[in-house]
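Welcome! Let's take a friendly walk through the side chains of one protein and look at charges, surface patches and rings. Have the structure open while you read.

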Amino acid sequence: MAPRAYWKGTLKLSLVSCPVVLYPATTAAEKTRFHMINRETGNRLKQQMIDSETGDVVESDQKGRGYEVRKGKYVEIEPEELEAVQIESNHTIDIESFVPSDEIDQRYLNHPYYIAPDGKAAVDAFAVIRDAMKDQDRVALAKIVLTNREHIIAIEPLGKGLLGTTLRFPYELRDEDQFFEDIKSPKITKDMVELAGHILHTKAAHFDPSEFKDEYENALKALVKRKASGKKIELPEPEERPSNVVNLMDALKQSLKGRGGKKTAAKSHARRATGRQRAARKTHRGTARQRKAG
């Protein structure tokens, strides 16, 4: 049985529309979670909202939403006033355009959702929209309101259904220049780049998420199990941080040697390097003879 729908509404492509439901495509239910407890009693702690000025505990019926218009001054917004901000995307996913998927900057990708038809009567229209998108090999862009916020959502076929991924707005992205502008452009030899290329080649693979292992999560489960059984937890010895002073060429060569059975790449590189050196010496001798003859 599918989980409870996160959102219900209508998917529209021009005059074609159908009821749809959204389900979160991700879950954190399997993550190991810790609760805050009282060390003396072992009881779980609960959080309370405290008035920042009076220090009094604020009960749930006294809590409201406010926007800070100036330091320490808030304008309160009532829930029904938020409802007054009604826009069409509150209950409708209206496809506005189709774009090539490779044009979507991955930094904009936010949260994925599964989109399915809502009821048997919606299946035909849903299938028409889904299959038309498959034929065009493009991603649909639309607007949707989730948790009182409007989002751009990118929609693409996924199996029998659709995958919708909310996108960040441009103002939510930081400019990369403020992080990259101070990166120097050192002179790197061609040999170093070729050696690094060989290392990349030895690590070539295909994307297979089934091979991803959350080692930290597994270690947490083992820790909890060991502690619950009354066994002592021994802290590992801190690892020494390697020196930052390294010979880059030596490190590249050692990386290749460390890839057992991958020595062919290193030999191939060495042969090419030797060939370039011989060619250079040959050219140099030919130039010297010409000068002597002249």
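## Some ground rules

A residue is called buried when its relative accessible area is under 20%, exposed when that area is over 50%, and partly exposed in between, using a 1.4 Å probe and protein chains only. Accessible areas come from the Shrake-Rupley method with a 1.4 Å probe, and for residues only the protein chains shown count as cover. Helices (H or I, at least four residues) and strands (E, at least two) are DSSP runs, numbered from the N terminus.

This is a predicted model, where local features need pLDDT of at least 70 and side-chain atom pairs count only at pLDDT 80 or more, while totals for chains, interfaces and linings use all residues. Residues are numbered from 1 along each chain as its sequence is written, and side-chain values use heavy atoms, with hydrogens and water left out.

## A patch of negative charge

Let's begin on the surface. Which residues gather in a patch of negative charge there? They are E76, E78, E80, E81 and E83. Patches are built from residues with over 30% relative accessible area and no salt bridge; like charges are joined within 9 Å, and nonpolar side chains (Val, Leu, Ile, Met, Phe, Trp, Tyr) within 5 Å. Lys and Arg count as positive and Asp and Glu as negative, while His and the chain ends are not counted. The place of a charge is taken as NZ of Lys, CZ of Arg, CG of Asp or CD of Glu.

Helix α1, residues 79–83, gives the most to this negative patch, with three residues. E81 has its place in helix α1. With a relative accessible area of 42%, E81 is partly exposed.

## A nonpolar patch

The surface also carries a nonpolar patch, formed by Y67, V69, V75, I77 and L82, which together have about 430 Å² of accessible area.

Is Y67 buried or exposed? Y67 is exposed, because its relative accessible area is 59%.

## Salt bridges

A salt bridge here is a side-chain nitrogen of Lys or Arg within 4 Å of a carboxyl oxygen of Asp or Glu. By this rule the count comes to four salt bridges. In one of them, the side chains of R107 and D105 meet with N and O 2.6 Å apart. R107 is partly exposed at 39% relative accessible area, and D105 is partly exposed at 29%. R107 also meets E176 in a salt bridge, at 3.2 Å from N to O. R107 lies in the loop between β7 (92–99) and β8 (109–117) and E176 in the loop between β11 (161–167) and α3 (177–180), so this pair ties together parts that are 69 residues apart in sequence. E176 is partly exposed too, with a relative accessible area of 33%.

Another salt bridge joins E217 and K221, whose closest N and O atoms are 2.6 Å apart. Both residues lie in helix α5 (residues 215–228), four residues apart, about one turn of the helix. E217 counts as buried at 9% relative accessibility, whereas K221 counts as partly exposed at 41%. Salt bridges that share partners also join D105, R107 and E176 into one network.

## Rings that pair up

Rings of Phe, Tyr and Trp (its six-membered ring) pair if their centres lie within 6.5 Å; planes under 30 degrees apart count as stacked, over 60 as edge-to-face and the rest as tilted. How many aromatic pairs does the structure hold? It holds three. The rings of Y6 and Y113 have centres 5.6 Å apart and planes at 20 degrees, so this pair is stacked. Y6 lies in the segment before β1 (7–13) and Y113 in strand β8, so the pair ties together parts that are 107 residues apart in sequence. Y6 is partly exposed, with 38% relative accessible area, whereas Y113 is buried, with 9%.

F169 and Y171 form a stacked aromatic pair as well, 5.9 Å centre to centre with 5 degrees between the planes. F169 counts as partly exposed at 23% relative accessibility, and Y171 is exposed at 67%.
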